[in-house]
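This report describes selected features of one protein model.

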Amino acid sequence: MRRPRWIGMLLLALAVAAIFGGLSQWQLSRAVSNGEVDDQRPTETARPLLDLAQPQAPLTGEQVGQIVSTTGRFVDDGYSVLADRVDDGRKGYWVVGQFAVDYPADTYVAVALGWTDDQSVAERVAQDLAAVPASAIGLEGRYMQPEDPTADAERTSDGSRPLERAMSVAALINSWPQFDSTAKAYGGYIVSESAPDGLEVISSPPPDRSVQLNWLNIFYAAEWVVFAGFAVFLWYRLVRDAWQRELEEAEENPSDATVG
């Protein structure tokens with residue numbers, strides 16, 4: 001163990017272990033930084049929708065959860081009802097509208113207008129909204145990530161057609177009356193900060209700003225610690241095996257074997 005060869009190998013093993021330890025620390029820092037949310041992002045201060053996002057573009061982490069504002073008008077026949085919408089633990093229905101923004105022209109954004117636990121109420125409100133001539137308004141709400149389409153689970157009260165279950169912009173576009181090959185749509189949707197008569201305002205809290213650990217990075221960090229320990233353990237095993245061989249040789253040839 002005190003021979004130069006083994007001392008050199010020990011130094012090499014310690015150097016390798018130090019490298020692995022550094023990689024473990026890097027993975028731990030990534031585990032925290034990947035879960036951090038920018039606490040300085042002013043999500044509760046309304047930003048113009050066009051300044052935050054562009055039509056036909058995917059959402060980014062900075063955009064999701066931001067309060068936005070825009071102007072335009074709802075499309076008369078662009079209202080629909082979504083089923084299986086959970087609001088503060090209560091399952092119910094959303095009324096969703098197709099909103100034509102003033103600028104850019106021929107551009108639309110989906111808007112979640114309000115919630116109710118009664119399907120007939122949701123359908124009545126959607127019909128009432130469609131019956132009122134659209135007028136130019138200002139709209140404000142939280143910009144959210146769309147959902148993946150899901151299979152329809154319920155039908156309208158009269159059984160004439162199925163109800164969508166997911167807030168999928170792609171699925172809504174297929175049902176919007178004023179949307180052709182030249183039209184554009186925002187990739188996300190807006191949860192309105194106010195609700196029409198008969199509906200409740202949809203619960204849409206600010207984004208969670210707490211730090212969430214990335215457990216995959218933590219697993220990798222633990223792996224590097226194991227590798228670091230294995231480097232030192234491998235040196236120990238090599239030294240011990242060499243020592244045991246020399247002891248065996250000394251027992252077999254006590255006259256010319258030197259142990260140490």
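## Hairpin S3–S4

Strands S3 and S4 form a hairpin with two residues between them, and Asp-88 in the turn has a positive phi of about 50°. Helices (H or I, at least four residues) and strands (E, at least two) are DSSP runs, numbered from the N terminus. The model is predicted: local features need pLDDT of at least 70, side-chain atom pairs count only at pLDDT 80 or more, and totals for chains, interfaces and linings use all residues. Residues are numbered from 1 along each chain as its sequence is written, and side-chain values use heavy atoms, with hydrogens and water left out.

S3 (residues 80-87) and S4 (residues 90-101) run antiparallel and are joined by six bridges; two strands pair if DSSP finds at least two bridges between them. Asp-87 stands opposite Arg-90 in S4. S3 is mostly covered, with six of its eight residues buried. Buried means under 20% relative accessible area, exposed over 50%, and partly exposed in between (1.4 Å probe, protein chains only).

## Nonpolar cores

The largest nonpolar core has 26 residues, of which Val-109, Val-111, Tyr-143 and Ile-190 touch the most other members. Such a core is a set of buried Ala, Val, Leu, Ile, Met, Phe, Trp, Tyr and Cys residues joined through side-chain atoms within 4.5 Å. Elements giving two or more residues to this core include helix H2 (49-52), strand S5 (107-116), helix H3 (119-131) and strand S9 (184-192). Apart from it lies another core, of 17 residues, among them Leu-82, Trp-176, Tyr-189 and Ile-202.

Not counting residues up to four places away in sequence, Val-109 touches Leu-49, Phe-99, Trp-176 and Ile-190, among others. Contact means heavy atoms within 4.5 Å.

## Gly-141

Gly-141 is found in strand S6 (residues 137-144). Because its relative accessible area is 1%, Gly-141 counts as buried. Residues that it touches include Ile-67, Val-68, Ile-190 and Val-191. Gly-141 and Ile-67 are 74 residues apart in sequence and 5.4 Å apart in space, C-alpha to C-alpha.

## Nonpolar surface patch

Met-9, Phe-230, Phe-233, Leu-234, Tyr-236 and Leu-238 make a nonpolar surface patch of about 540 Å². Accessible areas come from the Shrake-Rupley method with a 1.4 Å probe, and for residues only the protein chains shown count as cover.

Helix H5 (residues 215-252) gives the most to the patch, with five residues. Phe-233 lies in H5 and is partly exposed, with a relative accessible area of 42%.

Note on methods:
Patch = residues over 30% accessible without salt bridge, like charges linked within 9 Å, V, L, I, M, F, W, Y side chains within 5 Å. Salt bridge = Lys/Arg side-chain N within 4 Å of Asp/Glu carboxyl O.
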